[in-house]
Amino acid sequence: MIYEKYTGQDAFLTLVNPEEEPYTHIAPKAFLSCKSIQSLCLPQDIEDIGDWAFAHMQNLTDLYLPAKPITFGKKVFLDCENLQRIHVTPDTSGNEGLPRMLGAA
């Protein structure tokens, strides 16, 4: 399922689909110029992030990514000058997690 566009005002956001089908893709420009989010946690099912998805998120300081290969589009973090930490979250579902990600590198 594709996450299309963020329209909220949360400072801390965990991306969860209320329809229970997990998000696997983030559309291009989905969070473009979002000023409210400081911390964003992406689900374990994310496979790819579109072009400019997080561009100009000037208050983003923390991003939580799953420990697996993810395809990133162009200029995903353009002008995210305050991004200080990218956290890699382990997969607790029994998958290989970090070893799989490192093996793909």
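Predicted model: local features only at pLDDT ≥ 70, side-chain atom pairs only at ≥ 80, totals over all residues.
Colleague: How many bridges join β3 and β5?

Modeller: Two bridges join them, in the parallel sense. Strand β3 covers residues 25-26 and strand β5 covers residues 48-49.

Colleague: Now the rings. How many aromatic pairs does the structure hold?

Modeller: It holds six. To read a pair, take the distance between ring centres and the angle between ring planes; planes over 60 degrees apart count as edge-to-face. Y3 and Y23 have their ring centres 5.1 Å apart and their planes at 90°, so this pair is edge-to-face.

Colleague: Why does the pair of Y3 and Y23 tie together separate parts of the sequence?

Modeller: Y3 belongs to strand β1, while Y23 sits in the loop between β2 (12-14) and β3, so the pair links parts that are 20 residues apart in sequence.

Colleague: Are Y3 and Y23 buried or exposed?

Modeller: The cut-off for buried is under 20% relative accessible area. Y3 has 11% relative accessibility and so counts as buried. Y23, with a relative accessible area of 10%, is buried as well.

Colleague: What kind of pair do F31 and F54 form?

Modeller: A tilted one: the distance is 5.6 Å centre to centre, with 40° between the planes. F31 lies in the loop between β3 and β4 (39-41), and F54 in the loop between β5 and β6 (62-66), so this pair ties together parts that are 23 residues apart in sequence. F31 is buried at 1% relative accessibility, and F54 is buried with a relative accessible area of 0%.

Colleague: Which residues form the aromatic cluster?

Modeller: Y3, Y6, Y23, F31, F54, F72 and F77 form one cluster.

Colleague: What does F31 touch?

Modeller: For such a list, residues up to four places away in sequence are not counted. F31 then touches Y3, Y6, L13, L15, I26, I37, L40, A53, F54, A55 and M57. F31 is also listed among the residues with the most contacts inside the largest nonpolar core, together with I26, I37, L40, L42, I49 and F54. That core has 23 residues.

Colleague: Where is T24 found, and what is it in contact with?

Modeller: T24 is in the loop between β2 and β3. T24 is buried, with a relative accessible area of 14%. Apart from neighbours within four places in sequence, T24 is in contact with M1, D45, I46, E47 and D48.

Colleague: What do the totals say about burial and surface?

Modeller: The protein has 105 residues, of which 36% count as buried. Its accessible surface comes to about 6,200 Å², with 52% belonging to carbon and sulfur atoms. As for contacts between residues at least 6 apart in sequence, 37% join residues at least 24 apart.

Conventions: Residues numbered from 1 in each chain as written. Heavy atoms only, no water. Pairing = 2+ DSSP bridges. Helix = DSSP H or I, 4+ residues; strand = E, 2+ residues; numbered from the N terminus. Phe/Tyr/Trp six-rings, centres within 6.5 Å; stacked < 30°, edge-to-face > 60°. Buried < 20%, exposed > 50% of the residue type's maximum accessible area, 1.4 Å probe, protein only. Contact = heavy atoms within 4.5 Å. Areas by Shrake-Rupley, 256 points an atom, 1.4 Å probe, with all protein chains shown as cover. Core = buried A, V, L, I, M, F, W, Y, C linked by side-chain atoms within 4.5 Å.
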